[in-house]
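Subject: Structure handover

Hello,

Here is the structure I said I would pass on.

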Amino acid sequence: MDVPPDIDPARFEVHTASPRGFSQAYVREGAGGVPLVCVHGWPESKRVFWRVIEPFAAAGFEVVVPDLRGFGDSGLGPDGFHDVPSHAHDIYALVHDVLGHERVVLLGGDLGGPVIQDLALRHPDWVDRMVLFNSPLPYDKERMAGMRSRPAREASDYFVRQGTDPDGLAAELDTPEQRRRYIATFYTSRFWAHPGAFVDPAEPPGRFGGSAVVDFHTEPFADGKKLRASFGGYESTFSGAARSEPTTMATPNFTRCLILFGTSDHVIYPEYDRMAAVVFPKHVGPFLLRDCGHFVPWEAPHALVSGLVAFCGDRLAASR
């Protein structure tokens, strides 16, 4: 039986490079176009971009989609750190030093959001603009006063456990099946996504979450060491020992930014759109995405592609 392209792990060629002492896996399509770096979050891998890589490349982008250290096909961080600054340094080394790009567009949500914010502040001459969706943000107490800035308490239990007891949680999830079932809840019963976003009746049923789509996204988390490493971003929120260095995330950030918000998301700030507009004074939008939750590249691929093409129309025209 043929595997549908959207859930085919072999759909794109996977490259590797090791500029920072570990093997970092990445997809690269549309070489020669406007450099676009797509940064996944948690619990994701580069596969969350499977639906947008081809249309981005067809629009004129060179699409670079890495697996962060400790995720997907990439190796673990050799120094033991898996926090935002580590990911930011890795991406800069890969895209600037190895691939040679001097000016880039960044795209990210969830964990990828802080990573691209960090990169934009560390390397303002390198980051031309960015697209941010459903992402953690720095907090401006005065300007965000009165905004609904906290998700429902019942949605944050995972955050506390992964951040304060990562070893205990990893020890409980001691088989590939248990690890994948744990990850599957974030695509289904935890209501991060719009209902039904990861269930396709046209595709065969899966083992995890009842869907072959969920199987596709959970498979990279079967490895116990990588699952534990993936908790590093949460751990660094609570423990200084898990931080390689301070993050540069701050407000305001004057990078040009397209703000998108999948409003069915039950884990991010209820007024994420208004909060992001405070953080990024030079913003376009915010645009609210209907029937879309946390996983924007998968749930709303056309909206993401068309929005980014419009946002970068000048760069695309100049590159032709």
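This is a predicted model: local features need pLDDT of at least 70, side-chain atom pairs count only at pLDDT 80 or more; totals for chains, interfaces and linings use all residues.

The model has an open sheet of 8 strands with mixed pairing, in the order β1-β2-β4-β3-β5-β6-β7-β8. β1 (14–17) and β8 (283–289) stand at the edges; each has a single partner strand, so one side of each is left without a neighbour in the sheet. On average, neighbouring strands are turned by 20 degrees against each other, direction ignored.

Strand β3

β3 (34–39) sits between β4 and β5 in the strand order. It is joined to β4 (residues 61–66) by 4 bridges, and the two strands run parallel. Within that pairing, V37 has V64 of β4 as its bridge partner. On the other pairing, 4 bridges link β3 to β5 (residues 104–109), again in parallel, and C38 stands opposite L107 of β5.

In a regular strand the side chains alternate between the two faces of the sheet. For β3, both faces are covered: V34, L36 and C38 are buried on one side, and P35, V37 and V39 are buried on the other. That makes 6 of 6 residues of β3 buried.

Helices against the sheet

α3 is itself mostly covered, with 9 of its 11 residues buried. The buried residues are G112, G113, P114, V115, I116, Q117, D118, L119 and A120. Their cover includes β3, β5 and β6, and also helix α2.

α2 (residues 84–98) packs against α3 (residues 112–122) at an angle of about 65 degrees, with the axes 9 Å apart. The crossing is right-handed. On the α2 side the contact is made by V84, P85, H87, A88, H89, I91 and Y92; on the α3 side, by P114, V115, D118, L119 and R122. By class, this contact has 8 nonpolar, 2 polar and 2 charged residues.

Two buried residues

K46 is in the loop between β3 and α1 (53–59). Is K46 buried or exposed? Its relative accessible area is 4%, and the cut-off for buried is under 20%, so K46 counts as buried. The side chain of K46 makes a polar contact of 2.5 Å with the side chain of D67. Leaving out residues up to four places away in sequence, K46 touches V14, V27, H40, V65, P66, D67 and D73.

H217 is in helix α7 (residues 212–218). With a relative accessible area of 2%, H217 is buried too. Which residues is H217 in contact with, leaving aside its neighbours within four places in sequence? They are R47, V48, Y187, F198 and W298. H217 and E44 are 173 residues apart in sequence, but their C-alpha atoms are 6.8 Å apart in space.

Regards

Notes
Residues are numbered from 1 along each chain as its sequence is written. Side-chain values use heavy atoms; hydrogens and water are left out. Axes are lines fitted to C-alpha atoms, for helices over the stretch in contact, and angles run from 0 to 180 degrees between N-to-C directions. A crossing is left-handed if the near helix is turned anticlockwise from the far one by less than a right angle, and right-handed if clockwise. Contact means heavy atoms within 4.5 Å. Ala, Val, Leu, Ile, Met, Phe, Trp, Tyr, Cys and Pro count as nonpolar, Asp, Glu, Lys and Arg as charged, and the others, Gly among them, as polar. Buried means under 20% relative accessible area, exposed over 50%, partly exposed in between (1.4 Å probe, protein chains only). A polar contact is a pair of N or O atoms within 3.5 Å; within protein, one must be able to donate a hydrogen and the other to accept it, and residues adjacent in sequence count only if both atoms are side-chain atoms. Two strands pair if DSSP finds at least two bridges between them.
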